Amino acid sequence: MTGKVYLVGAGPGDPELLTLKAARVLKDADVVLHDELVGKEILQLAPHAQIRNVGKRCGKKNISQEEINFLMVNLAASGLQVVRLKGGDPLIFGRIGEEIAALRKANIEFEIVPGITAALGAASTAQIPLTHRQSSHALVFLAGHTASGADPTNWRALVSLHATVVIYMPGHDYSSIARKLRSAGLPDETPCAVVSRATTSEEQVFSTNIENLGNAPRLPAPTLLVIGEVLRHAGHRFSLEEVGWPSSTPAFALQTESELSPSSSVGAAAFVAPASCRLSQGHPALAVASGTPSRQHAERRRHPMSAQHGRGHEEQTV
């Protein structure tokens with residue numbers, strides 16, 4: 001009897017953003033082969049499954065892609081229900097093409113269960129409209145790393161689209177990205193934002209512009225870089241005076257970068273927003289054993305950056 005492989009999107013981080021179908025498939029799974037970035041809360045939804053981390057992080061691999069393909073094929077061939085669990089959506093920068101090819105070659109039945117990709121999760125919590133009738137009629141996803149290491153992007157053509165651009169796994173060489181965008185004709189004042197650990201309780205948003213992008217800090221992985229005029233429409237459901245910043249502060253700027261890294265020399269246009277200012281008080285990330293959500297909100301406001309947040313990590317490679 002041959003089993004089946006489910007290629008499942010785990011979403012951007014918040015367990016509540018997992019689809020109902022993904023939760024059902026996990027509950028019935030015999031084996032879960034998961035990426036590094038899948039959180040333990042989601043893995044707990046597979047109580048009877050064998051759990052194996054097959055992810056890649058900081059340039060290190062627990063297992064090669066060929067070995068992952070071999071595992072999926074052989075486990076399913078032995079009659080097991082296998083979940084290949086990927087962060088975000090499996091169809092976007094998830095190497096799913098290679099895995100589909102291996103399963104087809106072995107005549108293994110498979111099904112794709114989509115998930116919310118990181119760009120959508122990051123935009124939702126930071127309240128960034130990825131498209132806007134007055135600012136952007138197109139949306140482009142780019143990978144910051146490629147298998148060959150070369151950059152195939154036609155930056156001038158990209159800039160000419162006047163699109164919102166989201167770069168997955170941008171790395172930390174923001175100066176290089178800024179140079180390419182400026183050389184392609186993007187104005188220095190174009191807003192951009194680095195989003196770290198989107199939709200989790202550790203999410204951070206560093207907002208700046210192309211001119212100052214090169215001074216962006218090394219926020220914890222995974223990160224996204226959002227570029228475009230739509231950032232001017234980002235909103236927050238509280239007043240800036242409420243959290244101690246002047247009303248003259250730009251709409252997408254919440255906390256001065258100097259609180260993040262005293263050694264940096266970013267201009268006044270660069271800010272970082274703690275996740276506690278954007279998550280609703282009913283969000284499970286704010287519900288811990290001690291303290292009410294409102295009390296935690298106030299405490300995080302006083303101490304928005306922990307030592308853990310200050311540590312830099314390399315992105316997961318494509």
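Student: Which residue stands opposite Q204 in strand 11?
Tutor: That is S196. Before we go on, this is a predicted model, in which local features need pLDDT of at least 70 and side-chain atom pairs count only at pLDDT 80 or more, while totals for chains, interfaces and linings use all residues. Residues are numbered from 1 along each chain as its sequence is written, and side-chain values use heavy atoms, with hydrogens and water left out.

Student: What makes strand 10 and strand 11 a pair?
Tutor: Two strands pair if DSSP finds at least two bridges between them. Strand 10 (residues 191-196) and strand 11 are joined by 6 bridges, so they qualify. They run antiparallel. Strands and helices are themselves DSSP runs, numbered from the N terminus: at least two residues of E for a strand, at least four of H or I for a helix. The chain has 9 helices and 13 strands by that count.

Student: Why is strand 11 described as largely enclosed?
Tutor: Buried means under 20% relative accessible area, exposed means over 50%, and partly exposed is in between, using a 1.4 Å probe and protein chains only. In strand 11 (residues 204-209), 6 of the 6 residues are buried, so the rest of the structure largely encloses this strand. One side holds Q204, F206 and T208, the other V205, S207 and N209, and all are buried. Across the chain, buried residues make up 49% of the 318 residues.

Student: How many aromatic pairs are there, and how do you know that a ring pair counts?
Tutor: There are 2. Rings of Phe, Tyr and Trp (its six-membered ring) pair if their centres lie within 6.5 Å; planes under 30 degrees apart are stacked, over 60 edge-to-face, and the rest tilted. F93 and Y168 have centres 5.1 Å apart and planes at 65°, so they form an edge-to-face pair. This pair links distant parts of the chain, 75 residues apart: F93 is in the loop between strand 6 (81-86) and helix 4 (96-105), and Y168 is in strand 9 (residues 164-168).

Student: What kind of pair do F141 and Y168 form?
Tutor: Edge-to-face, because the ring centres are 5.5 Å apart and the planes stand at 65°. F141 lies in strand 8 (residues 139-143) and Y168 in strand 9, so this pair ties together parts 27 residues apart in sequence. F141 is partly exposed, at 25% relative accessibility. F93, F141 and Y168 form one aromatic cluster.

Student: What makes a group of residues a nonpolar core?
Tutor: Its members are buried Ala, Val, Leu, Ile, Met, Phe, Trp, Tyr and Cys residues joined through side-chain atoms within 4.5 Å. The largest such core here has 24 residues, and I167, L181, I210, L213, L225 and I227 touch the most other members. Among the elements that each supply at least two residues are strand 8, helix 6 (155-160) and strand 12 (223-227). Helix 7 gives the most, with 4 residues. Apart from this core lies another, of 18 residues, among them I128, V166, A198 and L231.

Student: Which residues of helix 7 are buried, and what covers them?
Tutor: Y174, S176, I177, A178 and L181 are buried. Their cover includes helix 6, strand 9, strand 10 and strand 12.

Student: How do you know that P170 is buried?
Tutor: Its relative accessible area is 8%, so P170 falls under the 20% limit. P170 is in the loop between strand 9 and helix 7.

Student: Why are strand 3 and strand 7 called edges of their sheet?
Tutor: That open sheet of 5 strands has the order 3-2-6-1-7, with parallel pairing. Strand 3 (50-53) and strand 7 (109-113) each have a single partner strand, so one side of each is left without a neighbour in the sheet. Strand 1 (residues 4-9) pairs with strand 7 over 5 bridges in the parallel sense, and V8 stands opposite V113 in strand 7.

Note on methods: Contact means heavy atoms within 4.5 Å.
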